[in-house]
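I opened my notebook to look up a few things in this structure. Here is what I wrote down.

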Amino acid sequence: MKSCRIGVYICSCGTNIAKAVDVESVRTYAEEQPDVVFARTYKYMCSNPGQEMIVQDIRENNLDRVVVAACSPRMHERTFRKALQSAGLNQYLFEMANIREQCSWVHEDPVTATVKAKALTRAAIRRVALHEPLENLTVDMSPRTLIIGGGIAGMTAALELAEAGHHVYLVEKQDHLGGNLARVDLTAPYLDSARDLITDRITRIRSNKNVEALFNSRVTEVKGFVGNFTAAVKNINGGSDNPARELSVGNIMVCTGYKEFDASRITHYGYGKLPDVITSFEFEQMLKRGRIMTREGKTPQYAAILHCVGSRSQEFHAYCSRVCCMTALKYVHELKSANPACYVSDVYVDMHAFGKGHEDFYTRTSEVKTLFLMYEKNDHPVIRKADPKDDCGMLIEVNEKLSGEVIEIPADLVILMVGMEAREDSGEIARLVNISQDKEGWFIESHPKLEPVATTTDGIYIAGTCVAPKDIPDTVAQARAAAARILGRITKGKIDVDAVYSEVDETICCGCRICNNLCPFSAIEFDAEKHCSHVITAACKACGVCVATCPASAIKGRHFTRRQIFAQIEGLMSPA
Amino acid sequence: MAIRVNPKLIEDLTSFGAADVNMCYHCGDCSAVCVHSDELYRFPRKSMRQLQMGLGEKIDTALEPWLCYYCGQCSDQCPREANPGETMMSLRRWLINRYDITGIAGKFFRSKKTEILTIVAIGLLTAMAALTYHFFRGSIHVYDGENAFLPSLLVHLFDLFLGAFLAVILLLNAGNMWRLTMLKGKEISIPWWLYLKEFLVLPLHFFTQIRYAKCDTGNREKPYMPWIVHLGLMWSYLTMLILVMVFLPFLQSGPQIDWSVHIFGYLATIGLATGLVYFIRSRIRMHYVQYKKTHATDWVFVILLLIITVTGIFQHIFHRLGLPVAANVTYLLHLMAVTPWLIRMPFTKWAHLIYRPLAMYFSEVRRSAVALEQKSEVSFRPVLQTI
């Protein structure tokens, strides 16, 4: 093996490392290792002077490998790789030893901590000697986008992309656009018409030739990887012999929305048995028809709204559905404006008025003399038919929290604020595009705070209520965010592929296909002609599952070769 | 057994002054800031809740409204402008109505027209009676003695008759209050001897209004001011009532001043005038939250008392100055105001003179009963219900 020239840099990280590790002793130890030209210590290696020191050393002393013993590579690997690049050295000829998170922070005894720091540094030195220069790849991509779901999220994203000049396929299961929002009358808290929100978008989509809306359609198969997906779309009205249409797209956006909770699952609310116990969506229908009435056609004197139906409960869904509280207040206004003499009771668990304008809306609702009654989570009210001598149709028994009394509320009409839940076909969609779901069935984002619309599969984005319950502004914001992410990639025109990925040696691969199914990113294809597996470089995340699995050792993980890993282990285990 | 919610009740309470109750979202700031709210009597939040929900029976049997002197701190602190202080005030009006077995109180509170017309009618009837007597017997030029325009003995008899009427009605209403608050509203058994044990509470609060002194007035005025003025007004009123009811013939003698009797009259007049000026000025200036909303019956109360005081002062002066005609005319005007005033006493705000000390007394009896009960069992109350 040809010898190399390694520079080792040991960071004190202020006192973060130096307080437990004797950095000077690590330095002298590192200098004794084979191929090490010299080792240096510095207070903050990640600082500009620290980086400049490395760059200068590479140039002046012809270093061809660098080891930095400092913090976690998640923290500063990128920083030091850049330093290598600016000195004209390939960025992969670098290795980091984590002597902070995995050493100084977790050990109290300076002697043993220093021994461990030496071992970690030695392991990095052994490994880096075997590093090879690697280059990142770029591949072409399709500028077209597939959007699954034609609700407010799908329509908004489609317009955003189409109006920027890019082709969009908008696949909708139903025969019309609008999704769940099309079932709503007014919106909270400003009492704007939902129809106005939707029709504007539908008109713009119709007149935009960049959007191809496919109605009564489902996506049946997705293949490929970021930038180069192929999706099969089938018309569900056409029968089984109907051929699927193949679409080539660069990115896919999933905005399949939610379905409402089935209120008949809660037996003591009497939904389905008591005719005047209705769900919020049934009430929306009533509002759209223009007349609020009981099943017998009477105007209700007493109306009651029951919150958290299916939400925030032990038995059903633990989460809050976020939109019901404000929708309920909207109903109060709609009930009162239809009949000012109507007594409205709002039976809630907690009033969640978190959004812009929501608190004002709650105050305005109090002003119209709404009777707010509070019940304890999981201590559900019971609805029953009233006696004929009562002046109301039903009575709701509630253990009222703010008075401490068990009360019964008169009601002629009870509106159940049904929560949101994941659609029954969400599992199917998740498998189709290879994304994960949480235990409630909602799609999981790549990072809940920093990557709210991306998924763990590159090129697949999620937005709106298929991710979690949310209101219209949040849904629209997510749709636009996802569209912006996609536009950014389309503008770039190429897909960057990290140099670290798996490679199959076709001369060794026997075509057993074990790796094909194990790959969590669907990044391995089978070439039937050659009878061997093939890694789609752009889709591979270098997790190493295939490398470890291959019974013939035909797969190599670039930058994680067997020799590199074993050298590192040897470095770690050999006596000091 | 579940209690039926009655959303209609609050509409009725609106005519008693409860306007902003629905704004309350039960943060409990009002109960936290109130010096009188304690473990057993929790208000105003709880009263607000009962009112919002229209729990009629709970409201009618509650003593809490009488434990509040309306310092206004709760309304000051309320983040929702739900005005808990005013709500307690309206509940007191409501309770005066509920205790009243004749149903007249409710009519007065609900309609100021009814109240004012009744006062005017009684005033005119009084005048007619006096003038009829004058037609047969008395002379407008004579103030005192046999041929007097309004002989003090006759007026004295009339007063005693009115006093008896008052006493009967008040007694019946107080009995009704006891029935509602101590029998109907009881959650525990109250042994009879507790009424004896706590009896001193009644005169204590009647004569000292000592709880009022504990009210927190913030930085608005000296903490003892409203209490002192209110106490002065009550003492003056009581003195005057006794003078008129018991010593009228001595009071009306003259024209020379009989200091042994009149000194009390002068002191009482000073007290009444001071109190009236203080409270009328406050209601006009509306500088403290408790004076911002004045119910029609409150205005009638102070205005009528002002007329009585002013005419009383003038008829006294005219009599001493030897002006019998002027004295007789002002005296007639005085009686025209006094008669309706006395008749409507049990049906209006005035009745709190009796109900409030009674409520203090009953509340202490209940407290003792609860203490007795707790000796045998440890009670647990969820935190939320303690405010």
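I call a residue buried if 20 or more other C-beta atoms lie within 10 Å of its own, exposed if 12 or fewer, and partly exposed in between, with C-beta atoms placed from the backbone. This is a predicted model: local features need pLDDT of at least 70, side-chain atom pairs count only at pLDDT 80 or more, and totals for chains, interfaces and linings use all residues. Residues are numbered from 1 along each chain as its sequence is written, and chains are lettered from A and ligands numbered from 1 in the order in which they are written.

**Helix α5 of chain A.** Helices (H or I, at least four residues) and strands (E, at least two) are DSSP runs, numbered from the N terminus. I found 15 of the 19 residues of α5(A) buried. I then checked the span of α5(A), residues 110-128. The expected span is 1.5 Å times one less than the number of residues. That gives 27 Å for α5(A), and its end C-alpha atoms are 27 Å apart, so the two agree.

**Chain B against chain A.** I counted contacts (C-beta atoms, placed from the backbone, within 7 Å). On chain B, 15 residues touch 18 residues of chain A. β1 (3-4) and α3 (45-53) of chain B each supply at least two residues of that side. α3(B) gives the most, with 4 residues.

**A strand pair.** Strands pair if DSSP finds at least two bridges between them. β22 of chain A (residues 406-411) and β1(B) pair in the parallel sense over 2 bridges. Ile407(A) has Ile3(B) as its bridge partner.

Conventions: Two residues are in contact if their C-beta atoms, placed from the backbone, lie within 7 Å.
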